[in-house]
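Morning, everyone. Please have a look at the screen.

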Amino acid sequence: MTPFTALVAGLAMPLAIGLVAYLHGRRCGRIRLPLELLHELRGHKLHCVGEPAEGVELELALLCKPRVAPRRARNSAVP
C-alpha cells in the first residue's frame, strides 16, 4: 500500500462515517431531551419570557416529535 493510498483511506473512512451518521440523524427528525429539561424549558418560555401557551406547546411538539411522512392517496377503484 502506498502512502498516498493510506492517506486517502485514512481520510475517507471518517468522512463516510460522519456522512452516514448525519443522514441517519436527519431521517429520524427527533430531538431527545430529558423530561426535566423539557419541563424547565416550557416553564421558562411561559413564565419568564411570557410566550402564549399555545405557541410554546406547538414549538415543543414540532421540536421533539418525529416528522410524519404524508401518506399517498389511494384510489379505491384500483385493487
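**Charged pairs**

Let's start with glutamate 51, which counts as partly exposed because its relative accessibility is 26%. For those cut-offs, buried is under 20% relative accessible area, exposed is over 50%, and partly exposed lies in between, with a 1.4 Å probe and protein chains only.

Two notes on the source. This is a predicted model, so local features need pLDDT of at least 70 and side-chain atom pairs count only at pLDDT 80 or more, while totals for chains, interfaces and linings use all residues. Residues are numbered from 1 along each chain as its sequence is written, and side-chain values use heavy atoms, with hydrogens and water left out.

Now, what does glutamate 51 pair with in a salt bridge? The partner is lysine 45, with the closest N and O atoms 3.1 Å apart. By salt bridge I mean a side-chain nitrogen of Lys or Arg within 4 Å of a carboxyl oxygen of Asp or Glu. That rule gives three salt bridges.

Stay with lysine 45. It sits in helix H2. Helices here are DSSP runs of H or I, at least four residues, and strands are runs of E, at least two, numbered from the N terminus. Is lysine 45 buried or exposed? Buried, because its relative accessibility is 12%.

Lysine 45 has another salt bridge, to glutamate 59, where the closest N and O atoms are 3.4 Å apart. That pair links distant parts of the chain: lysine 45 is in helix H2, glutamate 59 is in helix H3, and 14 residues separate them. Shared partners join Lys45, Glu51 and Glu59 into one network. Glutamate 59 is partly exposed, because its relative accessible area is 40%.

What else does lysine 45 touch? Setting aside neighbours within four places in sequence, its contacts (heavy atoms within 4.5 Å) are Gly50, Glu51, Val56 and Glu59.

Next, arginine 42. Its salt bridge goes to glutamate 57, and the closest N and O atoms are 2.9 Å apart. This pair also links distant parts of the chain, from arginine 42 in helix H2 to glutamate 57 in helix H3 (residues 53-64), 15 residues apart. Glutamate 57 is partly exposed, because its relative accessibility is 37%.

Last, helix H2 itself. It has 15 residues, 35-49, and should span 21 Å at 1.5 Å a residue. The expected span is 1.5 Å times one less than the number of residues. The end C-alpha atoms are 20 Å apart, which agrees. Just after H2, glycine 50 takes a positive phi of about 85 degrees.
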